[in-house]
Amino acid sequence: MPATDDRLEKEFGGTLPPGLAALDPADQDRLCDAIDATRKRQKKELRESTERGLDFIPRLLRVPIKKALFG
Amino acid sequence: MSARLETQAEMLKLERLVGVDAGTFEFLEGVDAQELRDLRERVTDSLFDAGGQALAKLGAAAKLLPSPIVANICESSFGPLLSARAAATIDPAKAVDVAKRMSPGFLTDTTIELDPRRVAAIIAGVPADLVEPVATELGQRAEFVTMGRFLAYMPDETLSVAMASLTDEALLRTAFVLEQKEHLDHALGLLEPERIAGILRCAADGGLWPEALDLLDNISDERRAAIAEVIAGLGDDVISGLIAAASDAAIWDSLVPVVAAMSDDALVQLAPTLTGLDAAHLRSLLDAAPKGLVDAVEQAADRVGLHDDFTAAVARAGLE
């Protein structure tokens, strides 16, 4: 896992401004952990929902839909 | 606006974005609000950009299906998160047509997962009869951050409907976390005038004066003056509560413009409360107030025969 400063800097997308940079390292970690957890939860949910959704598409339309989705 | 309140509002929005309870990020209270806003927008983009290519294909696929089938697939299979992400890639007219066929509960779930910046054209096209149940449910679920993100993108007609669907408390809490607070003055102008008094009473009863002061901080001088008059007429108990709340939350800089907006007659109503304040509260208020305002309050006290009491109170507060 990257150093705490690097993690929050990566989330921020650049050099941290003074207030965020001054946060206690443990608090920076708590913040990054919460963001990471959300990202992972959403990624998993999106993947599972997409796979599940194809089963609900009427059979006749599955071919053109799959073609649109997967080329 | 009080920097402290601005940071508190941003903390609530960041906590909502990552789905943690309010207060979890208490350690951020010393951070500048703009820094938190920049972080939140960056994280929002990062979350919503994920899987963009696949979602665009999903949007393209939705074009091939009739709206009732898309709505059915969304509700029975895709779920709110995927439906919300895909919505941003669908033609807005089609998206509105699909939304009309969803149940209010599912539409509310999906709304919570949307990034309004990406679906502004859809929000603009949603009819009032669809806004009303969703806004009501968002209010009931205490989804104030979601409401606050959406109101900024609504045209007047649906904005009025959404605000009318919220209780006074929900409206006050939503205003506190509203995106683009420069719209607040216009939005308040769309409210029935009698709701202002209700909102202020709600602030008094529910300990929401910081939220009310923040609202007053973000509106025009003209509208603030009108509301300040209403506050002055609410009675000693309410005004004392307001002053104590401003003191406890260290947001005198938000209270002073409200007192400054009061007419001389309103200050006369306020004078007995101010004169009766304990030394610490009076000192905090007068310290934050410009000289002209202190003089105006003194004159108001004079008009109601409380000049000596006011002078004594000021002396007790350790001020000249």
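Colleague: At what angle do helix H11 (residues 168-176) of chain B and helix H14 (residues 209-217) of chain B pack?

Modeller: This is a predicted model, where local features need pLDDT of at least 70 and side-chain atom pairs count only at pLDDT 80 or more, while totals for chains, interfaces and linings use all residues. Residues are numbered from 1 along each chain as its sequence is written, and chains are lettered from A and ligands numbered from 1 in the order in which they are written. Helices (H or I, at least four residues) and strands (E, at least two) are DSSP runs numbered from the N terminus, and axes are lines fitted to C-alpha atoms, for helices over the stretch in contact, with angles from 0 to 180 degrees between N-to-C directions. The axes of H11(B) and H14(B) lie 9 Å apart, and their angle is about 60°.

Colleague: Which word describes how H11(B) and H14(B) lie to each other?

Modeller: Under 35 degrees counts as roughly parallel, over 145 as roughly antiparallel, 65 to 115 as roughly perpendicular and the rest as oblique. The angle here is about 60°, so H11(B) and H14(B) are oblique.

Colleague: Which residues of H14(B) does H11(B) meet?

Modeller: Residues are in contact if their C-beta atoms, placed from the backbone, lie within 7 Å. From H11(B) come Leu172(B), Arg173(B), Ala175(B) and Phe176(B). Their partners in H14(B) are Glu211(B), Ala212(B), Asp214(B) and Leu215(B).

Colleague: How do H11(B) and helix H13 (residues 194-206) of chain B lie to each other?

Modeller: Their axes are 9 Å apart, at an angle of about 85°. In H11(B), Asp168(B), Glu169(B), Leu171(B) and Leu172(B) take part in the contact. With that angle, H11(B) and H13(B) are therefore roughly perpendicular.

Colleague: Which residue of H4(B) has the kink?

Modeller: Helix H4 (residues 67-87) of chain B spans only 12 Å between its end C-alpha atoms, whereas a straight helix of 21 residues would span 30 Å at 1.5 Å a residue (1.5 Å times one less than the number of residues). A bend is the angle between axes fitted to the seven residues ending at a residue and the seven starting there. The kink, of about 125°, comes shortly before the proline Pro80(B), at Phe78(B).

Colleague: Let's turn to the two chains. Which helix gives the largest share of the side of chain A that touches chain B?

Modeller: Chain A and chain B each bring 29 residues to the contact. Helix H1 (4-12), helix H2 (18-21), helix H3 (25-54) and helix H4 (59-70) of chain A each supply at least two residues of that side. The largest share, 14 residues, comes from H3(A).

Conventions:
Contact = placed C-beta atoms within 7 Å.
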